[in-house]
Amino acid sequence: MLRSVLRRPSRPAAVATLLLGLSWAWGSAPGAAQQAGGARASAGTVAPAPEAPPADHPVLRELAGDVSADTLRALLTHLVGFGTRNTLSDTVSDTRGIGAARRWLEGRLDTISSRCGGCLEVIYQRNMVPPQRRVPDSTEVVNVVAIQRGASDPGRYILITGHYDSRVSDVENDTSFAPGADDDGSGTVAVLEAARVLSRHEFAATIVYAPLAGEEQGLLGGKGLAAYAREHGWRIEADLNNDIIGNTHGMDGVVDNTTVRVFSEGTRANESDRTARIRRYTGGEIDSPSREVARHVARMADYVTNLDVMMIYRLDRFGRGGDHSAFNDAGFPGVRITEAHENYHRQHQDVRVEDGIHYGDVLAGVDFDYLRKTTALNVVSLASLAWAPAPPSGVQIRGAVRPSTTLSWDAADPARSPELAGYKIYWRPTTAPRWEKSVWVGDATEHTLTDVVIDNSTFGVAAVSKDGYESPVVFPGPVGAFFPEAEGGESSGGGR
Ligand SMILES: [Zn+2]
């Protein structure tokens with residue numbers, strides 16, 4: 001039987017210390033959580049949770065349907081027309097090179113903004129990079145960044161990124177034809193199309209649409225924007241990084257237009273020694289905030305017809321990288337979205353025919369109906385995250401040597417979360433890849449799962465809006481915290 005318990009039971013603190021030597025899991029003195037609970041029901045009573053908000057969202061299906069394969073094709077054809085978008089290429093020409101490409105991207109986002117009454121702030125985020133590996137001379141790496149401010153929680157950021165720079169076999173070749181249609185023109189036009197579709201709506205959180213540069217030179221644009229975000233105090237809930245999302249003919253011989261991969265780190269890149277020690281005793285090796293974002297995206301595939309997510313429990317493809325890891329290194333949750341079956345003849349190659357094999361990343365290698373679906377997955381994921389309340393903070397769990405498991409969390413700031421309806425507790429067997437069970441607990445700050453033994457499952461909490469939009473699930477303690485600095489947990493990861 002499940003019931004909300006609004007009064008925190010007495011806690012066996014001595015046992016906790018004895019078993020774990022860890023204090024976080026048991027909370028501190030009665031705090032905001034207990035007081036908030038107590039304000040809603042007299043001590044010891046069970047407050048009936050109001051009815052759960054709707055779990056299905058027809059609006060998300062409509063948003064997915066707004067994404068246009070024709071628009072994506074027109075955008076990508078124009079982008080490829082700049083000849084090369086190598087980060088070291090011409091910045092003066094209006095028709096060729098990375099400078100022309102970024103001015104066109106900025107123009108597209110400005111046009112989208114003009115159609116929503118100026119709802120986007122479009123800026124160049126500039127990074128001067130000194131000479132280094134893959135960068136022979138000082139080079140300005142310029143990200144194009146469009147910001148759609150949230151209505152109630154503008155300090156919380158959800159990002160969609162893709163890199164608009166391209167390359168051929170020699171990464172420092174700045175003149176040869178480098179169409180970069182799939183890598184990563186596909187991700188770049190997904191960013192533009194997401195902006196077009198979502199800018200017609202208003203959200204609780206801020207959405208950032210960002211075509212990045214310098215990826216092929218060493219994730220330089222991703223590092224630059226992550227540093228900028230940290231300087232400006234952005235609370236980044238998720239970066240959905242799209243890199244190579246448009247090809248359906250794999251070199252493994254598989255043709256698959258119904259699967260997309262989502263890569264995510266299992267533990268935080270900037271995990272402290274203390275958190276690693278806690279994790280050793282509490283679990284959480286596969287429950288980082290980035291992983292919970294991946295699980296959220298996987299659920300959102302329900303709103304895109306004929307598309308399934310293959311979650312990959314790994315930072316990125318084996319031994320390879322992407323801009324999401326630059327955000328992870330800075331302590332921000334982020335995932336890589338990428339096609340299910342890659343064609344390596346098309347990536348990082350001079351455009352040519354050799355022994356009858358076509359090399360090079362040309363438009364013909366992009367399946368625009370598949371790109372429509374992978375873009376739609378981004379659109380519904382961004383919308384659901386930005387309409388949902390912030391992920392719960394201060395999540396704690398207790399239940400050792402007892403038959404029941406209790407989770408608690410901080411009361412949300414009502415000014416930032418006017419749309420909050422309450423919370424859902426999730427749990428699953430420790431070996432299960434996805435959340436399996438859940439219970440709606442209403443606007444409580446604590447809940448006990450009666451006769452659910454803490455040892456045998458993994459637990460988490462999600463915040464739910466009145467319309468039923470859910471935040472990612474949050475694993476308890478510093479291991480799962482989305483904004484650990486606000487909770488006095490992890491140190492800033494900016495130095496990594
Ligand atoms: Zn790429």
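**Figure 1. Overall fold of the predicted model.** The protein has eleven helices and 17 strands. Of its 496 residues, 59% count as buried. Among contacts between residues at least 6 apart in sequence, 76% join residues at least 24 apart.

**Figure 2. Donors of the zinc ion.** Angles among the four donor atoms run from 53 to 145°, and the site is irregular. Along the chain the donors are spaced H-x19-D-x59-D. H163 belongs to strand 4 (residues 153-163) and D243 to the loop between strand 6 (235-242) and strand 7 (259-263), so the pair ties together parts 80 residues apart in sequence. H163 and D243 are both buried.

**Figure 3. Aromatic cluster of Y157, Y228 and W234.** The ring centres of Y228 and W234 are 5.7 Å apart with planes at 85°, so this pair is edge-to-face. W234 is buried, at a relative accessible area of 7%.

**Figure 4. Aromatic pair of W387 and Y469.** The pair is tilted, with 5.1 Å centre to centre and 35° between the planes. W387 lies in helix 11 (residues 368-387) and Y469 in the segment after strand 17 (457-465), 82 residues apart. Relative accessibility is 17% for W387 and 7% for Y469; W387 counts as buried, and so does Y469.

**Figure 5. Arginine R352 over the ring of Y359.** The charged end of R352 sits 4.1 Å from the ring centre of Y359.

Methods:
Residues numbered from 1 in each chain as written. Predicted model: local features only at pLDDT ≥ 70, side-chain atom pairs only at ≥ 80, totals over all residues. Heavy atoms only, no water. Helix = DSSP H or I, 4+ residues; strand = E, 2+ residues; numbered from the N terminus. Buried < 20%, exposed > 50% of the residue type's maximum accessible area, 1.4 Å probe, protein only. Contact = heavy atoms within 4.5 Å. Donors = N, O, S within 2.8 Å, 3.2 Å for Na, K, Ca; no water. Tetrahedral: all angles 85-135°; square planar, octahedral: opposite > 155°, others 65-115°. Phe/Tyr/Trp six-rings, centres within 6.5 Å; stacked < 30°, edge-to-face > 60°. Lys NZ or Arg CZ within 6 Å of the ring centre and 35° of its normal.
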